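Let's take a walk through this protein together. Have the viewer open and follow along as we go from the overall picture to a few individual residues.

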Amino acid sequence: MCAAKPNRQYTATGKDQRRNNSWQVPSSSSSATFTPKHTSAPVNYGVPVAKPKPTSVPRSAPMAAAAHVPSVSGIPNNVVRFVCISDTHNKTGCLPFPIPDGDVLLHGGDFTIKGKLHEAQVFNDWLGQLPHKHKVVIAGNHDRLFDKNFWQVPADPKRVLTNATYLQDEHTTIYGIKIYGAPWTPEYRDLAFNVPRGLPCLQKWSLIPENTDIVMTHGPPWGQGDFTKGKKHVGCEALLAVIQNKVIPKYHVFGHIHEGYGVTGNGKTVFVNAAMCNIHYKPVNPPIVFDLPLPHGFSKNVC
Ligand SMILES: [Zn+2]
């Protein structure tokens, strides 16, 4: 039983993936249409859980030579299309595929490598060229410029990332869809936004409101998109407990574990590891796309 076995289709229309160079989660009038192959065991925080078999990692799509941005087309008015990317690590200028169009672009952090201001500025300029009406970004463990533990006066994300909505322990609502974002990952090599495992992590995740539709964190929860080349699950146990037992969002989008790229699920939440770079920091994984139904009473013509 493995989770990520391509319970997905290449595009919303079932056309060849190589045309769009993106993975499309099965259409989604609701996440109920996604039928994952396994269910993760519920977790009691602090109590070791039975380890599921490693999730299989979907292979990346064939590369295309193109580097153009597709034009706006084909997004029905009654859905909101999300395009998920993460861990671009300064490689936005040399992606081997275009970023598909959508209503909302989600970036799961690690847009830099060294966490310098000029890296973030280049990323922001790139964001400004994309056609998505809404762009939501969180930081990752490489993005030191925003972490006050690294700088007495960290850079102000809202001034640097002027072409996106930056979330840090806060939410935004787009077309009635509530999106929460947080950069924290369990301590590893003294990088940015690191938090010790256990209670400190749990305290961060406890801030996520229960009625959140999409959770964005830089790191994965334990057991979902977190299997490393060292053949270990390294996701956050406390995050899994909160996502699975309290928040139960429709989608949980993250990156961080480059080897964990792909889509998994537990029957209630679809987990999207959108890391574009592989472990050698080469951008080889295409964006992952999903649709949510436009909530009743909202129009995409009005913010
Ligand atoms: Zn990364």
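This is a predicted model: local features need pLDDT of at least 70, side-chain atom pairs count only at pLDDT 80 or more; totals for chains, interfaces and linings use all residues.

The protein is built from five helices and 14 strands. Of its 303 residues, 48% count as buried. If you look at contacts between residues at least 6 apart in sequence, 70% of them join residues at least 24 apart.

Six strands make up an open sheet with mixed pairing, and their order is 6-7-10-11-13-12. Strand 6 (170-174) and strand 12 (262-265) sit at the edges, and each has a single partner strand, so one side of each has no neighbour in the sheet. From one strand to the next, the twist averages 20°.

Strand 11 (residues 251-254) runs parallel to strand 13 (residues 270-273), and the pairing extends over four bridges. If you want a landmark there, find His-252: across from it, in strand 13, is Phe-271.

Next stop is strand 10 (residues 214-217), where you'll find Thr-217. Is Thr-217 buried or exposed? Its count is 28 other C-beta atoms within 10 Å, and a residue is buried when that count is 20 or more, so Thr-217 is buried. Which residues does Thr-217 contact, leaving aside its neighbours within four places in sequence? They are Ala-182, Leu-239 and Phe-254. There is also a distance you can check in the viewer: the C-alpha atoms of Thr-217 and Gly-181 are 5.8 Å apart, although 36 residues separate the two along the chain.

Last, a loop with some backbone angles to look at. Asp-87 is located in the loop between strand 2 (79-85) and strand 3 (104-107). Its phi is near 50°, a positive value in a residue that isn't glycine. Asn-90 is in the loop between strand 2 and strand 3 as well, and its phi is near 65°, again positive in a residue other than glycine.

Terms used: Residues are numbered from 1 along each chain as its sequence is written. Helices (H or I, at least four residues) and strands (E, at least two) are DSSP runs, numbered from the N terminus. A residue is buried if 20 or more other C-beta atoms lie within 10 Å of its own, exposed if 12 or fewer, and partly exposed in between; C-beta atoms are placed from the backbone. Two residues are in contact if their C-beta atoms, placed from the backbone, lie within 7 Å. Two strands pair if DSSP finds at least two bridges between them. Axes are lines fitted to C-alpha atoms, for helices over the stretch in contact, and angles run from 0 to 180 degrees between N-to-C directions.
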